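Visitor: Could you walk me through this model? I'd like to start with the ligands.

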Amino acid sequence: MGIPAHREAELLAQVPTGLLIDGEWRDAAGGATFDVEDPSTGKVLLSIADASTEDGGLAMDAAAAAQESWARTAPRERGEILRRAFELVTERAEDFALLMTLEMGKPLAESRGEVTYGAEFLRWFSEEAVRVSGRYSTSPDGKSRLLVTKKPVGPCLLITPWNFPLAMATRKIAPAVAAGCTMVLKPAKLTPLTSQLFAAVMMEAGLPAGVLNVVSTTSAGDVTGPILKDPRLRKVSFTGSTAVGQGLIRDAAHNVLRTSMELGGNAPFLVFEDADLDKAVDGAMAAKLRNMGEACTAANRFIVQDTVADEFAERFAARVGAMTTGRGTEDESKVGPLIDAKSRDKVHSLVTDALDGGARALVGGAPEEGPGYFYQPTVLKDVAPDARILKEEIFGPVAPIVTFSTEDEAVALANNTEFGLVSYVFTSDLNRGLRIGEKLESGMLGLNAGVVSNAAAPFGGVKQSGLGREGGAEGIEEYLYTQYTGIADPYAG
Ligand SMILES: NC(=O)c1ccc[n+]([C@@H]2O[C@H](COP(=O)([O-])OP(=O)(O)OC[C@H]3O[C@@H](n4cnc5c(N)ncnc54)[C@H](O)[C@@H]3O)[C@@H](O)[C@H]2O)c1
Ligand SMILES: O=CCCC(=O)O
């Protein structure tokens, strides 16, 4: 059983294929289009408008023109639009889930999870929209008054990746809407369809024309480069690879833009000998195989105390080996394809390098035969310390295991990376968990938990994993700036 072909066709027919500029769906200026493919089959799902530099300029014009009036709308009005969007996405959860599965490949159950997660940003920020506040105080010498207010930063450029097509968009759009900012959204060319449908839902929820403009394109730099140089732009928020983020930070320096950067990771997953191994294996499954390992939060290095390493590896490998790969629309599929051939080749080159360096594959270790970009869920043991797989983001269903003997050694191994997004620690000793957490260089910590993502939490990294936070009370601050007004002493004649 799976999803009938006519259901897929009916859904695809509802996805807008134009660019959303100033509230209208339009063809690209030169009429160009591009194909979006299903990574399970390589077949074309839909052709959509391919934005050019000119289209990017029109989108920027629309965002700039809408900014002033949008900033003046009542916070409650912005919150209600987000709340309606939350309800519409929730009503259409099956559509969004199927669309993500089609264009990105993840199993339907995971897509449904992403719909819940992605929609939650809409609900969370619908509530935050009315909580922005400032303060009024007396200066220390009593001679003046200090009025501190928060204002929307202004038009924003939002750039999103392909791996969580809905949640990465709502995590930016919702706080921008709540704060009163207008936007140009550039989704990833591999998975633009979810953003296209989501933008239609935002319009249906009552978002005024020009507030959200969407320019899907195959020429990312050509579209975003001029926007970044436009003096009307005030902020760029990016989720994607560290290399691209570094380039955008350089470009953002030109106009000294506010930047939020959600970049790559190399998460350590630490298992201590006092951990409940059943829970550690459950956590490892979630931290590694969620989204086929194509998550910035994916556990990239399993660092296990030597006294329990064999038992952990054996149990983990048994679970991983039981995971069936398949098109995400099929009921039995637990692990979908990787996003494209390049990604699968990269994963395999990391595995091959590790095996050549002396590692053993307890399960998996090769691409799947046949159509689509499937890779066998894999566990590697005895990985050499200098293996590339321990240094680079794997972004696939592959788990390398290394061992340690002391707490200090575990921390040193975990911190031995330029990334610092999330770390996972499994121990039944709370003091040890907190102690290790204090020593780990990462923006987030999963303590006996394999997933930390939550709309109510500040998501983000340190070191080369990024700048700023998305979600939580912190998320809206990224779209606000502080204005201070100094007021003369009201008692002085
Ligand atoms: N920290 C986080 O929250 C988070 C979340 C999801 C993904 N990621 C990271 O994203 C990466 C995977 O996503 P990806 O492959 O889509 O990343 P990517 O950096 O290749 O692309 C991300 C986005 O940037 C665009 N882009 C690429 N080159 C550009 C340029 N020169 N100018 C402007 N835009 C450009 C892409 O079209 C896409 O929309 C991984 O490294 C992953 O860790 C991080
Ligand atoms: O890929 C990174 C995002 C993952 C998440 O938000 O849970």
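Predicted model: local features only at pLDDT ≥ 70, side-chain atom pairs only at ≥ 80, totals over all residues.

Visitor: Where does ligand 2 lie relative to domain 1 and domain 2?

Guide: Ligand 2 lies between them, because domain 1 (5–263 + 466–482) and domain 2 (267–455) both give residues to its shell. Those bounds come from an automatic or database domain assignment.

Visitor: OK. Which residues are around ligand 2?

Guide: Among them are Tyr 117, Phe 164, Met 168, Arg 171, Thr 297 and Phe 459. A residue counts as near if one of its heavy atoms lies within 4 Å. The shell divides into six nonpolar, three polar and two charged residues. Here Ala, Val, Leu, Ile, Met, Phe, Trp, Tyr, Cys and Pro are nonpolar, Asp, Glu, Lys and Arg charged, and the others, Gly among them, polar.

Visitor: Which polar atoms lie 2.8 Å from an oxygen atom of ligand 2?

Guide: A side-chain one of Arg 290, and a backbone one of Cys 296. The side chain of Asn 163 has an N or O atom 2.9 Å from a ligand 2 oxygen.

Visitor: How much of ligand 2 does the protein cover?

Guide: 99% of the 250 Å² of accessible area that ligand 2 has on its own. Areas are Shrake-Rupley values with a 1.4 Å probe; for residues, only the protein chains shown count as cover.

Visitor: Back to Arg 171. What does its side chain join?

Guide: The side chain of Glu 470, in a polar contact of 2.7 Å. Such a contact is a pair of N or O atoms within 3.5 Å; within protein, one must be able to donate a hydrogen and the other to accept it, and residues adjacent in sequence count only if both atoms are side-chain atoms. Glu 470 also contacts the Lys 172 side chain, at 2.8 Å.

Visitor: Is Glu 470 buried or exposed?

Guide: Glu 470 is buried, at 3% relative accessible area. Buried means under 20%, exposed over 50%, partly exposed in between (1.4 Å probe, protein chains only).

Visitor: And ligand 1?

Guide: Of the 27 residues around ligand 1, those nearest include Thr 160, Trp 162 and Glu 393. A polar side-chain atom of Trp 162 is 2.8 Å from a ligand 1 oxygen.

Technical notes: Residues numbered from 1 in each chain as written. Chains lettered and ligands numbered in written order. Heavy atoms only, no water.
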